[in-house]
Each structure stands twice: as structure tokens, then as C-alpha cells.
Amino acid sequence: MLGLSTPPRILMSTEPTDMRKGPDGLCALVKRQFDESVFSGSLFVFLSRRRDRAKILWWSHGGFIVYYKRLEKSRFRRPDPDNDGRLVLSPGELQALLEGIDLRRARRAPLWEPTRPVT
């Protein structure tokens with residue numbers, strides 16, 4: 001999708017966003033909504049009120065990149081926030097979201113963990 005060598009942290013806004021905002025307006029939203037610096041290398045995801053538009057703000061090598069996607073006949077399905085009210089996505093979840101997949105209905109298979117010896 002974005003061709004990132006190292007998966008960054010992906011934070012999603014839980015509030016609808018005015019899609020007329022450019023990089024400066026989105027930076028102001030990051031400062032207000034997230035406990036994170038806009039220069040951290042994290043991706044910040046914003047959805048419009050109708051959830052048919054998405055913007056992603058990312059700081060990379062001396063400048064901001066704004067990725068924009070508009071769905072013609074569907075809506076983005078915002079996943080449910082975690083217990084702290086935050087939405088932190090994995091790269092796969094972001095890809096699925098941008099493809100229009102409803103993450104609330106998709107079930108992640110439990111990951112295997114090796115058993116730890118009892119001492």
C-alpha cells in the first residue's frame with residue numbers, strides 16, 4: 001500500500017473529520033486528539049462523517065504525506081476502540097479498512113504462544 005519498510009504505529013481518530021483539512025489542519029487534530037507527536041513517524045487515520053472518505057497523515061523525511069481515498073459506493077467501517085477508547089491498527093487492519101472490509105465482523109484467529117515452563 002504505502003511501501004513502508006518498517007511498520008509504523010497506526011492511530012485512528014474516533015471522531016468524524018472535515019475532509020477539507022490539509023496537512024496543517026490534520027496536524028492540529030493530531031495534537032488535540034492523540035497523545036503523540038506528529039513527527040513520530042506514526043500514521044494518523046481520519047474518516048469523514050459519512051465514512052466514505054479517509055485521509056492518512058504521515059511525517060516522512062522532512063515533509064508530510066497525506067494519503068486520501070474516497071469510496072464511490074460503500075462506507076469505511078470503523079473498528080471498535082480498545083478499552084482505553086483508542087483505535088490502534090495493525091498494517092493488515094489498515095489495509096482491510098481501506099479495502100472496505102468490516103473489521104468489527106472479521107474475527108482474528110488466536111495467535112499461538114509457546115507454553116512457558118512453570119518454575
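The protein chain has two helices and five strands, and the model is a predicted one.

**Exercise 1. The chain as a whole**

Solution. 
- Step 1. The cut-off for buried is a relative accessible area under 20%.
- Step 2. Take the contacts with a separation of 6 or more: residues 24 or more positions apart account for 55% of them.
- Step 3. The accessible surface of the protein chain is about 8200 Å², and carbon and sulfur atoms hold 48% of that surface.

**Exercise 2. Aromatic pairs**

Classify the ring pairs F34 with F44 and W59 with F64, and say how accessible F34 is.

Solution. 
- Step 1. Two values are needed, because a pair of aromatic rings is described by the distance of the centres and the angle of the planes.
- Step 2. The structure contains five aromatic pairs. In one of them, F34 and F44 have ring centres 5.2 Å apart and planes at 50 degrees, so this pair is tilted.
- Step 3. F34 belongs to the loop between α1 and β2, while F44 belongs to strand β2, so the pair ties together parts that are ten residues apart in sequence.
- Step 4. F34 has a relative accessible area of 12% and is buried; F44 is buried as well, at 1% relative accessibility.
- Step 5. For W59 and F64 the ring centres are 4.8 Å apart and the planes stand at 70 degrees, so the pair is edge-to-face. The cut-off for this class is an angle over 60 degrees.
- Step 6. W59 is partly exposed, with a relative accessible area of 26%, and F64 is partly exposed at 27%.
- Step 7. Ring pairs also join F34, F44 and F46 into a cluster.

**Exercise 3. Salt bridges**

Find the salt-bridge partner of R9 and that of R20, then say which residues are linked with D52 in a network.

Solution. 
- Step 1. The structure holds five salt bridges. One of them joins R9 to E36, with the closest N and O atoms 2.7 Å apart.
- Step 2. R9 is in the segment before β1 (10-12) and E36 is in the loop between α1 and β2, so the pair ties together parts that are 27 residues apart in sequence. R9 counts as partly exposed, at 38% relative accessibility.
- Step 3. R20 meets D18 in a salt bridge, at 2.9 Å from N to O. R20 is exposed at 74% relative accessibility, whereas D18 is partly exposed at 30%.
- Step 4. D52 forms a salt bridge with R50, with 3.3 Å between the closest N and O atoms. D52 is buried, with a relative accessible area of 6%.
- Step 5. The network of salt bridges links R50, D52 and R53.

**Exercise 4. Two loop residues**

Decide whether S48 is buried or exposed, and locate G85 in the chain.

Solution. 
- Step 1. S48 sits in the loop between β2 (43-47) and β3 (53-60).
- Step 2. The relative accessibility of S48 is 7%, so S48 counts as buried.
- Step 3. With neighbours within four places in sequence left aside, the contacts of S48 are P16, T17, M19 and R53. R53 also belongs to the salt-bridge network with R50 and D52.
- Step 4. G85 is found in the loop between β4 and β5 (87-89), and G85 is partly exposed at 39% relative accessibility.
- Step 5. G85 and T14 are 71 residues apart along the chain, and their C-alpha atoms are separated by 8.2 Å.

Definitions and conventions. Residues numbered from 1 in each chain as written. Predicted model: local features only at pLDDT ≥ 70, side-chain atom pairs only at ≥ 80, totals over all residues. Heavy atoms only, no water. Helix = DSSP H or I, 4+ residues; strand = E, 2+ residues; numbered from the N terminus. Buried < 20%, exposed > 50% of the residue type's maximum accessible area, 1.4 Å probe, protein only. Contact = heavy atoms within 4.5 Å. Phe/Tyr/Trp six-rings, centres within 6.5 Å; stacked < 30°, edge-to-face > 60°. Salt bridge = Lys/Arg side-chain N within 4 Å of Asp/Glu carboxyl O. Areas by Shrake-Rupley, 256 points an atom, 1.4 Å probe, with all protein chains shown as cover.
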